[in-house]
Amino acid sequence: MTRACPPVREALPVLSFERTVARRYVHRQAIAEVFLTDCAELGEPNRFALAAQWPRLHGFYRAKHGRFDPMLLAETLRQAAIYLAHTRYRVPPSWRFVMQDMRIRAHLDAMRVGASAADVTAETTLSDLVHRGEVVTSFRIELRYWLAGREIGSASGVAVALPASAYTRARWGTAGPRTPGPARCSTAIAPAVVGQVDERDVVLGRPTVRGEWEVRVDVTHPVLFDHPLDHLPGMLLLEVLRQGAFAALKVPDAHLESIDAVFHRFAELDQHTTVGVRALDEDPLSVRAVIRQSGSEIATGQVRLARR
């Protein structure tokens with residue numbers, strides 16, 4: 001019998017975990033929400049080693065059953081993409097970023113919370129770079145994460161960087177900017193149904209039809225809305241996909257194992273938003289989910305859970 005070889009970690013430069021990077025490089029207002037601590041170039045073009053520290057007890061991405069929340073893989077990817085664009089590829093600080101898709105895979109057995117905060121390293125590769133002069137405007141980013149000598153997961157996505165004029169066109173089209181109305185924040189469903197402990201962290205509201213729920217948009221949430229935004233952020237949409245899977249499969253004690261998400265268009269703060277979730281026949285712990293506004297698909301994704 002042939003055994004698969006375990007992943008071999010590339011020898012990485014010595015990385016520091018002494019302090020976080022400047023918050024402006026990851027588009028966070030709260031210093032506590034900055035996870036990246038260091039970066040070094042590897043021996044090939046567009047390859048980097050990154051360091052990040054995850055707290056044992058985060059206010060929103062809470063550890064569960066002694067394992068780190070796999071959503072930390074996604075948020076670290078988001079920060080890595082923006083940080084590298086600003087610091088290595090000449091993207092000006094004022095430019096805006098849009099993620100077109102995101103994929104995460106967690107090795108849950110390796111994501112155990114230890115006796116101290118997690119010093120995570122990531123081998124990072126950028127590809128499919130598109131340039132505007134000397135500035136990179138689009139790229140694919142891939143990360144492989146390591147903790148205490150073990151690979152704990154991977155993440156990838158496509159990021160687009162836009163100057164103010166291009167962002168305005170992409171965001172509003174020919175209609176021009178508008179001031180969004182009040183966000184729709186309906187009553188939350190029971191936190192336990194979606195694997196949460198605090199009602200404030202629930203992003204699903206009342207069910208509309210079987211397998212479909214309203215999306216709650218709480219613009220005062222200190223993590224999902226770390227700073228004011230004119231649209232629903234990608235991390236909120238990922239959380240909607242995850243909680244939709246918990247609610248549809250009725251397995252609140254499960255763990256997130258993977259998400260494949262595609263973001264099709266900007267999601268408005270003040271429009272009625274729903275998520276429809278359908279279990280996959282071929283895998284009892286996987287779902288296909290669609291987030292909609294006014295009859296249009298905003299984001300689609302496939303989510304897989306793993307039992308405790």
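**Aromatic contacts in a predicted model**

Mentor: Tryptophan 54 is buried, and phenylalanine 68 is buried too; buried means under 20% relative accessible area, exposed over 50% and partly exposed in between, with a 1.4 Å probe and protein chains only. This is a predicted model, where local features need pLDDT of at least 70, side-chain atom pairs count only at pLDDT 80 or more, and totals for chains, interfaces and linings use all residues. Residues are numbered from 1 along each chain as its sequence is written, and side-chain values use heavy atoms, with hydrogens and water left out.

Trainee: How many aromatic pairs does the structure hold?

Mentor: Rings of Phe, Tyr and Trp (its six-membered ring) pair if their centres lie within 6.5 Å; planes under 30 degrees apart count as stacked, over 60 as edge-to-face and the rest as tilted. On that basis, the number of aromatic pairs is six.

Trainee: Which kind of pair do phenylalanine 48 and tyrosine 89 make?

Mentor: Their ring centres are 6.2 Å apart. The planes meet at 80°, so the pair is edge-to-face.

Trainee: How many residues apart in sequence are the parts that this pair ties together?

Mentor: Helices (H or I, at least four residues) and strands (E, at least two) are DSSP runs, numbered from the N terminus. Phenylalanine 48 lies in strand β2 (residues 47–54), while tyrosine 89 is in the loop between α1 (71–88) and β3 (96–106), so the parts are apart by 41 residues.

Trainee: Which residue's ring has the charged end of arginine 96 over it?

Mentor: A charge sits over a ring if NZ of Lys or CZ of Arg is within 6 Å of the ring centre and within 35 degrees of the ring normal. Here the charged end is 4.1 Å from the centre of the ring of tyrosine 167.
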